[in-house]
Amino acid sequence: MVGEKATTDITISKDSLGFEECKDSAVEGGTIAKNTRKELEEKTGKSVISSENYLHLTGKKHIKKLG
């Protein structure tokens with residue numbers, strides 16, 4: 001969500017038009033999200049990414065692998 005917000009704000013502030021300009025804004029937004037995730041993981045000592053993220057939002061159930 002951080003990346004989406006950052007990308008939207010960058011695109012609007014730069015008045016990006018066309019594929020290449022919007023692509024550049026998306027790369028910048030993604031970089032901000034990556035840096036935010038890494039900093040959060042450093043501060044907490046835990047990974048933000050897990051196999052259980054958003055399962056409750058999608059209605060999917062966690063399936064245990066056997067073996």
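This report describes the salt bridges in a predicted model.

The model is predicted, so local features need pLDDT of at least 70 and side-chain atom pairs count only at pLDDT 80 or more, while totals for chains, interfaces and linings use all residues. Residues are numbered from 1 along each chain as its sequence is written, and side-chain values use heavy atoms, with hydrogens and water left out.

The structure holds three salt bridges. A salt bridge here is a side-chain nitrogen of Lys or Arg within 4 Å of a carboxyl oxygen of Asp or Glu.

| E28 | K14 | 2.6 Å |

Helices (H or I, at least four residues) and strands (E, at least two) are DSSP runs, numbered from the N terminus.

E28 pairs with K14. This pair links distant parts of the chain, with E28 in helix α2 (residues 18-44) and K14 in the loop between α1 and α2, 14 residues apart. E28 is partly exposed because its relative accessible area is 32%.

D9 and K5 both belong to helix α1 (residues 2-13), where they are four residues apart, about one turn of the helix. D9 is partly exposed at 35% relative accessibility, whereas K5 is exposed at 51%.

E41 and R37 both lie in helix α2, also four residues apart, about one turn of the helix. E41 counts as buried because its relative accessibility is 19%; R37, at 28%, is partly exposed.

Definitions and conventions: Buried means under 20% relative accessible area, exposed over 50%, partly exposed in between (1.4 Å probe, protein chains only).
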